[in-house]
Amino acid sequence: MTVEHRDVLVQLPTRERLRLVMGVQATARELFQLVCDRTGVRDAHFFGLSVVRDNEFMFMDLEQKLSKYFSKDWGRELQNGSGRPGAAFVTFLRVQHYVEDGRLIRDQVARHLYYCHLKERVLRSQCAHHEEAYFLLAAYGLQADLGNYRARAHTGRYFEPQAYFPPWVIAKRGSAYLLRHVPALHREQRGLSPKEALLRFVREACRLEDVPVHLFRLFKDKKEDRPTVILGLTLGGVRVYQEVGRAPRLLYDFPWTRIGRLAFLGRRFEIRPDGLPSAQKLVYYTGCVARARHLLWLLRTSHQLHLALQPALGRLRHLEQAQEEKCCREKYIGDALELDLSPAGSRGSEGSGRHPSCLSLLSTDSHGSSHRLGVDTGEMSVDAPSGAEALLENVVSCSPGQSSGDTVGSRGCPPQGDTQDSGNASRPQEPWSVVQVTLVKVPEATSGHVHSDQHSGSLDDVCPHDTPCPVPAPRRWPLGMGLDPRPSALDGSGSRHLLSLDLPGEAQPPEEFVV
């Protein structure tokens with residue numbers, strides 16, 4: 001039996017088109033896998049195939065057949081050349097699950113497609129109160145697309161404002177204004193690699209509230225003629241908008257942590273906030289059962305992926321915070337050493353003729369009495385006993401105006417030029433060198449690392465050592481590992497935050513899941 005084939009036209013985020021041939025009984029997964037093979041996408045967990053239904057994008061369930069999402073002409077048998085053999089069935093490769101950090105997408109091809117999709121979303125954005133964000137996004141986009149600004153090559157109209165700015169920004173500022181001022185912003189990004197510019201574009205674009213979101217129109221009442229409520233599936237939860245004229249107005253913003261249950265019963269859609277009685281719930285209507293099931297499936301898979309990505313996002317935030325603290329700590333150490341060592345070195349150079357940057361020294365006789373050679377405070381003999389108590393016992397805290405009667409402990413600090421008693425004058429003096437250190441209170445060592453040389457005068461000994469915070473290990477997947485948004489990919493820990501279908505045994509059971 002001859003297998004019939006159909007032409008499928010797949011539009012990519014780069015505005016390129018793929019023309020593929022699929023069997024009539026093919027599934028959406030087969031088409032999706034073929035698209036990934038042709039485009040070279042390996043990390044495809046954030047993408048999906050979609051079709052247009054009632055001016056909305058409807059994502060395909062990869063386990064379903066293509067005949068479910070295309071028109072009746074898909075399964076209709078062509079006889080005697082009738083029909084439209086040249087007409088292809090159109091589908092779109094789009095971002096199905098948004099992430100705010102592009103580093104979670106390890107595949108470079110998939111990351112570029114994600115970037116192109118966000119660029120298209122930015123061109124449709126309407127955040128007029130964040131106009132400056134579009135100029136920064138244009139600078140990052142030019143750096144990612146063209147590299148460093150070159151005066152000879154990038155002159156005149158070297159970019160089209162329509163490719164980087166929404167129409168309302170161009171209408172407000174004018175193309176001449178953008179062509180005159182945006183090159184300066186592009187020039188400021190010199191030295192930023194295209195890869196880093198792309199990641200910054202993704203991060204800034206996801207901060208616009210109408211970019212990383214899927215919108216679905218709902219009815220506030222089953223008797224309404226047209227939908228007046230918009231449900232937005234965002235990065236971290238669900239938002240509900242009310243249409244006021246042509247501008248949607250935000251009514252509710254529910255993060256996943258504040259949603260107790262999402263349920264569908266036929267066309268009825270319920271949002272039950274967490275911590276409130278069951279009577280206090282939001283009820284809307286989808287218009288048809290197919291849209292209700294599709295919305296439930298998309299909400300469930302999005303929440304599952306949101307939970308799965310939290311360990312990786314937490315690890316990225318921890319690494320960024322540790323890097324920032326490290327930079328700040330290195331700067332603080334450098335400033336502290338400059339303030340501590342320079343004055344001591346300069347005073348020592350006046351008394352001993354040494355270089356100002358050298359540590360000043362003491363000479364000590366056989367009884368342990370010290371002769372000052374330009375050291376003011378914080379001095380200690382290198383033969384002092386080890387340990388924190390020994391450090392505190394052997395501190396000589398003498399100021400330049402201190403007399404010979406001033407003591408610390410049982411030892412005196414004679415002024416410069418004085419010697420000990422005359423009985424010890426005939427004995428040979430062995431000069432012992434000491435170094436200036438900054439005294440810190442050292443806790444008792446347990447099982448941690450102990451420095452073998454506490455008197456070396458190095459940067460590690462001058463500054464206290466901060467114990468780094470342990471990096472929490474991801475519970476499910478390491479950073480960059482492929483993620484499967486299906487329920488079977490998650491662990492079976494039974495956590496309350498995992499999505500699970502709750503189907504009570506009723507005549508018409510509601511389709512729902514607990515957040």
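A search of the whole structure, a predicted model, finds 24 salt bridges. Side chains of opposite charge can pair when their charged atoms come close.

One of the salt bridges joins Arg317 to Glu100. The closest N and O atoms of this pair are 3.6 Å apart. Arg317 lies in helix H7, which covers residues 289-352, whereas Glu100 sits in the loop between E5 and H2. The pair therefore ties together parts that are 217 residues apart in sequence. Arg317 has a relative accessibility of 45%, so it counts as partly exposed. Glu100 is also partly exposed, with a relative accessible area of 29%.

A second pair is formed by Asp253 and Arg239. Here the closest N and O atoms are 3.5 Å apart. Asp253 belongs to strand E9 and Arg239 to strand E8, and the two residues are 14 residues apart. Asp253 counts as partly exposed, because its relative accessibility is 35%. Arg239 counts as buried, because its value is 18% and the class takes residues under 20%.

Glu270 and Lys281 make a further salt bridge. Their closest N and O atoms are 3.6 Å apart. Glu270 lies in strand E11 (residues 268-273). Lys281 lies in the loop between E11 and strand E12 (282-285). The pair thus ties together parts that are 11 residues apart in sequence. Glu270 is buried, at 9% relative accessibility. Lys281, at 30%, is partly exposed.

The largest pocket holds about 1600 Å³ of space. Its lining consists of 44 residues. Arg121, Arg124, Asp210, Val213 and Leu215 lie nearest the centre of the pocket. By class, the lining has 20 nonpolar residues, 14 charged residues and 10 polar residues.

Several elements contribute to this lining. Helix H2 (108-123) supplies at least two residues. So does each of the strands E4 (56-59), E5 (89-95), E6 (214-218), E8 (237-244) and E9 (247-255).

Note on methods:
Residues are numbered from 1 along each chain as its sequence is written. This is a predicted model: local features need pLDDT of at least 70, side-chain atom pairs count only at pLDDT 80 or more; totals for chains, interfaces and linings use all residues. Side-chain values use heavy atoms; hydrogens and water are left out. On a 1 Å grid over the protein atoms alone, a cavity is a set of points where a 1.4 Å probe fits but cannot get out, and a pocket is an open set with protein on both sides within 12 Å along at least five of seven lines; lining residues have an atom within 4 Å of a point. Grid points are joined across faces, edges and corners, and a volume is the space filled by probe spheres set on the points. Helices (H or I, at least four residues) and strands (E, at least two) are DSSP runs, numbered from the N terminus. Ala, Val, Leu, Ile, Met, Phe, Trp, Tyr, Cys and Pro count as nonpolar, Asp, Glu, Lys and Arg as charged, and the others, Gly among them, as polar. A salt bridge is a side-chain nitrogen of Lys or Arg within 4 Å of a carboxyl oxygen of Asp or Glu. Buried means under 20% relative accessible area, exposed over 50%, partly exposed in between (1.4 Å probe, protein chains only).
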